[in-house]
Each structure stands twice: as structure tokens, then as C-alpha cells.
Amino acid sequence: MSHNQETGRRLDRRRFLTTAAIGGATIVGASALGGLDAEAAFAEPTTSLDAAIPAAFAEGRIVAVNRNVLDVAGSHGERHLIQLTNATSIWKLRTTTAEAIEVGDGLYARGAAMPDGTIAADAVWVNIVNVYVTIRGIAKDRLHLTHGGDELVGRIVPDTTTASYLGGALTADLSRTRIGQEAQVLGAWRPSDGSIDIARVSLGH
């Protein structure tokens, strides 16, 4: 079952943002539905270029993985069956494969609604979070953060974590982060301990 009404999508995205911190002819290609990088998960839904193929969006927790089908429990009690194909782009901190997806992971999925009620995924973002935080501590391999009164650990991942200062270009240099700064963190949540692997920290935007 899919949940693809315009207003529903917006609510689902918002809810996931606040709770997470703590191939065939019918497959719509990536260019038809928008970008595939991490930020695309939080962009406003775009309309499919092919009106005959309705776009669909789903979010929730993965409760079962059956071959290439993900059984997902949505935040509002709905269920989704997400079909992965050879054309599906999968993000889990970085671009990866279906083997990296585990039961218990959180998920955003975008794709095409199929007549049988499944969603043929164009893009899947696993455990992605996008949170506004305050930096409370800085260590060699992590940032200690607060978000909405909760404490979070943001893990710095070698060769992956980048920073952006005042809207500038991305850099691996985190030396300009300071305690007390407000920041936006885009990353992948670890269900096992609630920490976040940081993909990007943006400061001064």
C-alpha cells in the first residue's frame, strides 16, 4: 500500500526528520523524478515527466526484507512494499548496494506507484537524517551535539564527512567548527546506538 497524496508526503517527511534523530519498462529513471544525492531526499516532490506513471513517496522503518522487496512500516500506521530494481539508487551515508539495507533501518523511498500497490523505487535513502543542532563538544572523531533538548553524537567518518562554512564549497577540514555554533547536519542515523555518521555539517548558513 502506498501513501502518495501531496499533503501526506510533506507530513511524513517532517515527521521522519524529527523522529529519526533520536529494473523494468515501468521504472521511472532518475532524471524523471529529480536528483539522487542526499539533499534530494528533502527536496519538494517533483512531478514525473511521464503523467502515465504516478510518482510515489514512502517513509518508515524496514520490518522485513524479502529478496528485493522491502516491507516498510510507515509513521502513521500505513505499510509500503518497496521494490528494488537494477535502476534503484541506494544511499546509506554514501551510495551503496541493497546488501547494506537491514531490518530496523529507517527509509525514505521515491519511485513509481505500481498497479499492484507496490512502489518501484527510483531512489532509496536509508537512515538519512537532516537536523539542526548546536555543537556542544568537539573530539577528534566526533562532535557532541544537542537537538531539541536531546544530546546526540555525530561521528566524523574519514573520507566521507565534509563541512561547509558560510555557504562555501565543501571541505574535509573541520578545524573551523566551534563549540556553541549552530549547524545543520546531514547524515546517516545508526539505529544501534542513536548516533549519526556525518555526511555534511553546514555552519553559518
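The following questions and answers go through a predicted model, from its overall make-up to single side chains.

Residues are numbered from 1 along each chain as its sequence is written. Local features need pLDDT of at least 70 and side-chain atom pairs pLDDT 80 or more, totals for chains, interfaces and linings use all residues, and side-chain values use heavy atoms, with hydrogens and water left out.

Trainee: How many helices and strands does the protein have?
Mentor: Elements are DSSP runs, numbered from the N terminus: helices are H or I with at least four residues, strands are E with at least two. By that count, the protein has 2 helices and 13 strands.

Trainee: What percentage of the residues is buried?
Mentor: Buried means under 20% relative accessible area, exposed over 50%, and partly exposed in between, with a 1.4 Å probe and protein chains only. The protein has 205 residues. The buried part is 47%.

Trainee: Which residues form the aromatic pair, and is the pair stacked or tilted?
Mentor: Rings of Phe, Tyr and Trp (its six-membered ring) pair if their centres lie within 6.5 Å; planes under 30 degrees apart are stacked, over 60 edge-to-face, the rest tilted. The whole structure has 1 aromatic pair. Its ring centres are 5.3 Å apart and the planes stand at 50°, so Phe57 and Tyr108 are tilted.

Trainee: How many residues apart are Phe57 and Tyr108?
Mentor: Phe57 sits in strand S1 (residues 55-66), and Tyr108 in strand S6 (residues 106-113). Both are buried. The pair links distant parts of the chain, 51 residues apart.

Trainee: Which residue lies over the face of Tyr165?
Mentor: A charge sits over a ring if NZ of Lys or CZ of Arg is within 6 Å of the ring centre and within 35 degrees of the ring normal. Here the distance to the ring centre is 4.1 Å. The residue is Arg176.

Trainee: Is Asp105 buried or exposed?
Mentor: Asp105 lies in the loop between S5 and S6, 13 residues from Lys92 in strand S4. Glu102 is partly exposed at 47%. Asp105 has 3% relative accessibility, so the label is buried.

Trainee: Which residue forms a salt bridge with Asp141?
Mentor: Asp141 is partly exposed, at 40% relative accessible area. The closest N and O atoms of the bridge are 3.3 Å apart.

Trainee: Where is Thr161, and is Thr161 buried or exposed?
Mentor: Thr161 is in the loop between strand S10 (150-156) and strand S11 (162-165). The relative accessible area of Thr161 is 6%, so Thr161 is buried.

Trainee: Which backbone oxygen lies 2.7 Å from the side chain of Thr161?
Mentor: A polar contact is a pair of N or O atoms within 3.5 Å; within protein, one must be able to donate a hydrogen and the other to accept it, and residues adjacent in sequence count only if both atoms are side-chain atoms. The Thr161 side chain reaches the backbone nitrogen of Val157 at 2.7 Å. The backbone oxygen at 2.7 Å belongs to Ile198.

Conventions: Salt bridge = Lys/Arg side-chain N within 4 Å of Asp/Glu carboxyl O.
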